[in-house]
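Visitor: I am new to this structure and would like to be shown how its parts are arranged. May we look at it together?

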Amino acid sequence: MRIVLTHKSSEPIYEQIKEQIKASVLSGELPENELLPSIRQLARDLKVSVITTTRAYNDLEIEGFLQTVPGKGCYVKKIDSNLMRFKYVTETKEKLAAAVRLGKMAGLTMAEIRGLLDELEDE
């Protein structure tokens, strides 16, 4: 598992860790039942605090990506792809609705907002 941290990013370190692990799980790079590094080991490897890696693992467990087995470690949990898709579609709709509101406040037409989406897709 490879995690690359950007200390200049506005995104907190624990979020960067969490999102990269989540992406690895969703892509299949980290398969079901894969044992992850211990919280302490990951903190040492990334040169961050144990609190940071604990927060990332806890969030991933709450979101249904990891399962902690006391005395054994953290494992990748089986992902219900339909549930994940529903969750991401819902979140996408919410964020797009907010973006449309902002765009309209800026005086953009729907065509201009769609153009911005097209630009983002090309990046």
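Guide: Before the helices are discussed, a term is needed: an axis is a line fitted to C-alpha atoms, for helices over the stretch in contact, and angles run from 0 to 180 degrees between N-to-C directions. Please note also that this is a predicted model.

Visitor: At roughly what angle do the axes of helix α4 and helix α5 cross?

Guide: Helix α4 spans residues 81-105 and helix α5 spans residues 110-122. Their axes come within 10 Å and cross at roughly 125°.

Visitor: Which term describes how α4 and α5 lie to each other?

Guide: Angles over 145 degrees count as roughly antiparallel, and those of 65 to 115 as roughly perpendicular. The crossing is at roughly 125°. α4 and α5 are therefore oblique to each other.

Visitor: Which residues of α5 make the contact with α4?

Guide: The crossing of α4 and α5 is right-handed. On the side of α4, the contact is made by L96, V100, G103 and K104. By class, this contact has five nonpolar, one polar and one charged residues. The residues of α5 that take part are M110, I113 and L117.

Visitor: How far apart are the C-alpha centres of domain 1 and domain 2?

Guide: The chain is divided into domain 1, residues 13-76, and domain 2, residues 81-122. The distance between the C-alpha centres of domain 1 and domain 2 is 29 Å.

Visitor: Is the crossing of α2 and α3 left-handed or right-handed?

Guide: Helix α2 covers residues 39-46 and helix α3 covers residues 50-62, and their axes come within 8 Å and cross at roughly 120°. That angle makes α2 oblique to α3. The crossing of these two helices is right-handed.

Visitor: How many nonpolar residues does the contact of α2 with α3 have?

Guide: From α2, I39, R40, L42 and A43 make the contact, and from α3, V50, T53, T54 and Y57. By class, two residues of the contact are polar and one is charged, while the nonpolar residues number five.

Visitor: Which residues of α3 does α1 meet?

Guide: α1 and α3 pack at an angle of about 45°, with their axes 8 Å apart. That makes α1 oblique to α3, and the crossing is right-handed. From α1, the residues in contact are I13, Y14, I17, K18, I21 and K22. In α3 they meet T52, T53, R55, A56, Y57, D59 and L60.

Visitor: How many charged residues does the contact of α1 with α3 have?

Guide: Seven residues of this contact are nonpolar and two are polar. The number of charged residues is four.

Visitor: With which residue does K18 form a salt bridge?

Guide: The structure holds seven salt bridges. In the one formed by K18, the closest N and O atoms are 3.3 Å apart. The partner of K18 is E15.

Note on methods. Residues are numbered from 1 along each chain as its sequence is written. This is a predicted model: local features need pLDDT of at least 70, side-chain atom pairs count only at pLDDT 80 or more; totals for chains, interfaces and linings use all residues. Side-chain values use heavy atoms; hydrogens and water are left out. Helices (H or I, at least four residues) and strands (E, at least two) are DSSP runs, numbered from the N terminus. Angles under 35 degrees count as roughly parallel, over 145 as roughly antiparallel, 65 to 115 as roughly perpendicular and the rest as oblique. A crossing is left-handed if the near helix is turned anticlockwise from the far one by less than a right angle, and right-handed if clockwise. Contact means heavy atoms within 4.5 Å. Ala, Val, Leu, Ile, Met, Phe, Trp, Tyr, Cys and Pro count as nonpolar, Asp, Glu, Lys and Arg as charged, and the others, Gly among them, as polar. Domain bounds come from an automatic or database domain assignment. A salt bridge is a side-chain nitrogen of Lys or Arg within 4 Å of a carboxyl oxygen of Asp or Glu.
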